[in-house]
Amino acid sequence: MAKKVTVRDIAEMKVRGERIPMLTAYDYPSARLADEAGVPMILVGDSLGMVVLGYDSTIPVTVEDMIHHIKAVARGARRSLIVGDLPFMSYQVDTSQALHNAGRLLQEGGAHAVKLEGGEKVAETVGRIAECGIPVMSHIGLTPQSVNSFGGYRVQGKSKDESARLIRDAVALEEAGAFAIVLELVPAPLSRVITQRLSIPTIGIGAGIHCDGQVQVLHDMLGLYADFVPKHARQYARLAEIMSDAFTRYIADVKDGSFPGEEESFGMDEGILEELGYKATIPE
Ligand code: KIV
């Protein structure tokens, strides 16, 4: 049995100066491949809503959606630490709602940790969840669940006030007990300051090279959406092209009768059909 990665292992990676790769996954096969490749942390992000379920934001994603996909990922990943996102309005109402839903992601889904968006304002919630023995990853900068307040997906922390607020948020979350913090769409120099200021790891997405780790959305890095590639994403494959080509060839093969061939078909003792009164071989 492979040794599971723990939050302690993640903390030690920062101490050793070892960079931390993290990827999202939402289903069994991708979790299995990411795990086998050696990704130490898998995020079942609520980006699920956009990249898998076809919504135009993460807002409609429910706790039930999250549990369904976390379960599939947990069946595929044997070694990686699985972090499950608490979706919109599943932790903001009050602490007892947050504890209840965080518990569900672990008990019903099989996650090892939860992630929730927000800074100082949610620090108390982060602290209460962590006190219950549930590791919490925080998420600041561009927090997609607040897209309607931000008025779009744009870089955060460029002004003096915003930089100061993000630094305050990060420190408050570390003090509250978060084991790591995602920095999303944060200028690289500010990520450097936050990363140096904290003893817990920072995990960047669009936050530059100075973070302790990086997280990418699987569909972005695999090139599954040919029409949109975020500036912060690097495409390691162009699966959309490969899949479209495969679909086109499949359609052609079915239409021209070249699929299935002999090698994709099953034979039998054709005498049985003759005994039943049928001609065994179908005429050409
Ligand atoms: O939901 C998600 O995939 C995320 C990452 C973008 C960090 O929160």
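User: How do the residues of the lining of the largest pocket divide, and what makes a residue nonpolar, polar or charged?
Analyst: The lining of the largest pocket comprises 16 nonpolar, eight polar and eight charged residues. Ala, Val, Leu, Ile, Met, Phe, Trp, Tyr, Cys and Pro count as nonpolar, Asp, Glu, Lys and Arg as charged, and the others, Gly among them, as polar. This is a predicted model, in which local features need pLDDT of at least 70 and side-chain atom pairs pLDDT 80 or more, whereas totals for chains, interfaces and linings use all residues. Residues are numbered from 1 along each chain as its sequence is written, and side-chain values use heavy atoms, without hydrogens and water.

User: Why is this called a pocket, and what is its volume?
Analyst: On a 1 Å grid over the protein atoms alone, a cavity is a set of points where a 1.4 Å probe fits but cannot get out, whereas a pocket is an open set with protein on both sides within 12 Å along at least five of seven lines. The largest pocket has a volume of about 810 Å³, that is, the space filled by probe spheres set on grid points joined across faces, edges and corners. Its 32 lining residues, each with an atom within 4 Å of a point, include Glu 184, Val 217, Asp 220, Pro 230 and His 232, the closest to its centre. Helix H3 (48-51), strand S4 (113-117) and S6 each supply at least two residues of this lining.

User: What makes strand S6 largely enclosed?
Analyst: Buried means under 20% relative accessible area, exposed over 50%, and partly exposed in between (1.4 Å probe, protein chains only). Five of the five residues of S6 (residues 180-184) are buried, so the strand is largely enclosed by the rest of the structure. Ala 180, Val 182 and Glu 184 point one way, and Ile 181 and Leu 183 the other way.

User: Why are S5 and S6 called paired?
Analyst: Two strands pair if DSSP finds at least two bridges between them. Five bridges join S5 (residues 136-141) to S6, and the two run parallel; the pair therefore meets the criterion. Ser 138 stands opposite Ile 181 in S6.

User: Why is the crossover from S6 to S7 called right-handed?
Analyst: With the strands pointing away from the viewer, a right-handed path from the first strand over the helix to the second runs clockwise. Four bridges join S6 to S7 (residues 202-205), which run parallel. The chain crosses from S6 through helix H9 (residues 188-197) to S7, and this β-α-β crossover is right-handed.
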